[in-house]
Amino acid sequence: MGRVIVEQIVSADGYTARPDGDISWFVDADFSETEDDQLRMLAQVEAILLGATTYRMFAAYWPGADGTTERIAGPINTLPKHVVSATLDEAPWGTFAPAIVERGDGAQAVAELSRRYSGDLVLWGSLTLADALFAAGLVDVLRLRVVPVLIGTGRPLAPTVPGDTRLELRSSLAFPHGHVRTEYLLARG
């Protein structure tokens, strides 16, 4: 059974996006120093999970990314991708294998996928789907990539998570330019 990892990029004050959905505060950030850490995580990942909005953003960028300058483009482009969506009929991915569109309840779809895969499944962005996975108790690991910026207000990381959800620190890594990656296991019971 595969583990479900939710990885989110957050501001230092805990927001995933500005109130209007703007994410330029992290799109413009330099993540080059975090690439080795991302590659280590991706080496354990068997599939990528995305919601429709994040899929559209990823599909517009990653298939054309230069793998020599952005080494994570290789795994991102070649790993199987599953898009949980009620609106997409298909999910092409450039010249690479298309993503598979999963219909119906997002939490049920991910629960089934975690039974099909023995390795990790990673969910990036896809905030509505992340909320559903937290609510259903399907998240095994929470990876936060904190960008050293305060945006003041916006969409919090997990607004629907029940209060006092305990996390167990697995690892934390600070990078020279101020980025911090922290990984937590979700405490069970």
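This is a dialogue on how to read some features of the structure above.

Trainee: Before we start, what kind of model is this, and how are residues numbered?

Mentor: This is a predicted model, in which local features need pLDDT of at least 70, side-chain atom pairs count only at pLDDT 80 or more, and totals for chains, interfaces and linings use all residues. Residues are numbered from 1 along each chain as its sequence is written, and side-chain values use heavy atoms, with hydrogens and water left out.

Trainee: How should I read the sheet, and what is its strand order?

Mentor: Strands of a sheet pair through backbone hydrogen bonds, either parallel or antiparallel. Strands here are DSSP runs (E, at least two residues), as are helices (H or I, at least four), and both are numbered from the N terminus. Two strands count as paired if DSSP finds at least two bridges between them. In this model, nine strands make an open sheet in the order β5-β6-β4-β3-β7-β1-β8-β11-β10, and the pairing is mixed. The edges are β5 and β10, each with a single partner strand, so one side of each has no neighbour in the sheet. From one strand to the next, the twist averages 25 degrees.

Trainee: Which helix packs on the sheet, and at what angle to β1?

Mentor: Helix α6 (residues 127-135) does, touching β1 (4-11), β3, β4, β7, β8 (141-147) and β11. Touching, or contact, means heavy atoms within 4.5 Å. The direction of α6 makes about 130 degrees with that of β1; axes are lines fitted to C-alpha atoms, for helices over the stretch in contact, and angles run from 0 to 180 degrees between N-to-C directions.

Trainee: What joins the strands at the β5 end of the order?

Mentor: Two bridges link β5 to β6, and these strands run antiparallel. W93 has F96 as its bridge partner in β6. The two strands form a hairpin with two residues between them, and G94 in the turn has a positive phi of about 55 degrees. By contrast, β4 and β6 pair in the parallel sense, over three bridges, with I100 in β6 as the bridge partner of H82.

Trainee: And how many bridges join β10 to β11?

Mentor: Seven, between antiparallel strands spanning residues 167-174 and 180-186. L173 is partnered by R181 in β11. Five residues separate the strands of this hairpin, where G178 in the turn has a positive phi of about 105 degrees.

Trainee: H179 is in the loop between those strands. Is H179 buried or exposed?

Mentor: Buried means under 20% relative accessible area, exposed over 50%, and partly exposed in between (1.4 Å probe, protein chains only). H179 has a relative accessible area of 6%, so H179 is buried. Beyond four places in sequence, its contacts include A29, D30, F31, V146 and P148. H179 and D30 are 149 residues apart in sequence, yet 9.3 Å apart in space, C-alpha to C-alpha.

Trainee: Where do the buried residues of a helix such as α3 fall?

Mentor: Look down the helix axis, using the arc of the directions from that axis to the C-beta atoms. In α3 (residues 52-61), the buried residues are A52, T54, Y55 and F58. They fall within an arc of 155 degrees, so they line one face of the helix. The exposed residues T53 and A60 sit on the face turned away from that buried side. Among the elements covering the buried residues are β3 (45-51), β4 (81-84) and β6 (96-102).

Trainee: Which residues have the most contacts inside the largest nonpolar core?

Mentor: A nonpolar core is a set of buried Ala, Val, Leu, Ile, Met, Phe, Trp, Tyr and Cys residues joined through side-chain atoms within 4.5 Å. The largest has 24 residues, and L50, Y55, W62 and W124 have the most contacts inside it. Elements that each supply at least two of its residues include α2 (35-42), α3 and α4 (73-78). A second, separate core has 21 residues, including V10, V139, L157 and L186.

Trainee: Finally, which side chain makes a polar contact with D120?

Mentor: A polar contact is a pair of N or O atoms within 3.5 Å; within protein, one must be able to donate a hydrogen and the other to accept it, and residues adjacent in sequence count only if both atoms are side-chain atoms. The side chain of R3 joins that of D120 at 2.9 Å. D120 lies in β7 (residues 120-124) and is buried at 8% relative accessible area.
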